[in-house]
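Dear colleague,

I am passing on a structure for you to look at, and below it I describe what was found. Please keep the picture open while you read.

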Amino acid sequence: MVKVYAYEDSDAIAKSLAKFIIQQQDAILATKEQFTIAISGGSLISILAKGLLKNKDIKWSKWVIYFSDERVVPLNDKDSNFGAFEKEVLEPLAHENLIGPTVVTINESLVHSEDHKTDQQIAEEYEASLPEHGIDLVLLGCGPDGHTCSLFPGHKLLSESSSNVAALYDSPKPPPRRITLTLKYLAKSGTICFVATGSSKQTVLKEIFGDSESKLPSAIVNGLAEDVKGGVCWFVDNSAVEGVEVEKLQY
Ligand SMILES: O=C1O[C@H](COP(=O)(O)O)[C@@H](O)[C@H](O)[C@H]1O
């Protein structure tokens with residue numbers, strides 16, 4: 001079953017999400033040396049910054065961070081998911097003089113080529129750096145159109161069944177060139193956790209939780225809950241789930 005944790009505002013989400021992440025981290029580090037986590041872009045990053053920075057229970061040096069999707073732009077570009085994470089989390093963390101996480105980025109030296117084959121190479125190289133058996137915890141966003149990672153409604157990549165990472169050149173949300181984890185790889189995740197805030201998500205959440213036939217990418221990921229050992233859950237604020245018929249829990 002997909003669990004939905006609902007809170008008053010993003011400060012409360014940040015606090016509970018941090019607690020959830022630490023619990024996942026500790027459970028994994030009790031069994032192996034490193035904790036692998038995938039981060040999404042967009043609104044998630046400032047929630048992570050709020051909850052994780054200055055949090056003494058995060059064992060950063062044991063984290064290996066991947067991106068669930070990335071825009072094919074230089075890493076310091078305003079559109080880069082890594083760039084946003086670096087600015088909001090990694091740079092402040094560096095000021096704390098701690099040993100930081102290992103962060104796996106796309107091969108920036110290839111982003112200037114306009115050749116689609118090069119984007120394919122970026123995706124293949126990223127795939128080669130991923131853990132074969134899936135990432136321990138995958139944090140996802142959900143766009144107002146129901147996209148997650150860079151998997152967009154109706155896009156042909158929703159039926160990609162051979163690769164773990166795929167390139168696209170026609171993202172309906174700018175920038176158009178991106179790479180993304182595929183549904184095939186998401187199904188291997190240890191745990192999947194969505195974070196969605198704000199009233200712009202209400203309509204799409206009504207469909208995702210109210211229409212069992214929905215073909216929206218985020219609804220398809222909810223449907224992976226049986227395959228994913230630790231399940232699929234959502235951290236949302238009350239305005240995102242206003243009018244959505246779902247049991248609202250607290251973590
Ligand atoms: O383009 C993207 O959007 C989604 C959703 O972002 P949000 O700001 O609506 O939360 C994000 O999860 C994804 O990583 C990003 O590339």
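**What surrounds the ligand**

The shell around the ligand is made up of S40, G41, G42, S43, L44, D69, N81, L140, G141, G143, S150 and K173. Sorted by class, this shell has two nonpolar, eight polar and two charged residues. Please bear in mind that the model is a predicted one.

**The sheet**

Eight strands make up an open sheet, with parallel pairing, and their order across it is β5-β3-β2-β6-β9-β10-β1-β11. Strands β5 (102-103) and β11 (248-249) stand at the edges, and because each has a single partner strand, one side of each is left without a neighbour in the sheet. Further in, strand β9 (residues 191-196) runs parallel to β10 and is joined to it by five bridges; looking at one residue, A196 has V236 in β10 as its bridge partner. Helix α1 (residues 10-29) packs on this sheet, where it touches β1 (3-7), β2 (35-39), β6 (137-140), β9 and β10, and the direction of the helix makes about 155° with that of β10.

Is C233 buried or exposed? It is buried, because 20 other C-beta atoms lie within 10 Å, and a residue counts as buried at 20 or more. If its neighbours within four places in sequence are left aside, C233 is in contact with V2, K3, Y5 and C193. Of these, V2 is 231 residues away from C233 in sequence, yet the two are 5.3 Å apart in space, C-alpha to C-alpha.

Technical notes:
Residues numbered from 1 in each chain as written. Predicted model: local features only at pLDDT ≥ 70, side-chain atom pairs only at ≥ 80, totals over all residues. Buried ≥ 20, exposed ≤ 12 C-beta atoms within 10 Å, placed from the backbone. Contact = placed C-beta atoms within 7 Å. Near = placed C-beta within 6 Å. Nonpolar A, V, L, I, M, F, W, Y, C, P; charged D, E, K, R; others polar. Pairing = 2+ DSSP bridges. Helix = DSSP H or I, 4+ residues; strand = E, 2+ residues; numbered from the N terminus. Axes fitted to C-alpha atoms, helices over the stretch in contact; angles between N-to-C directions.
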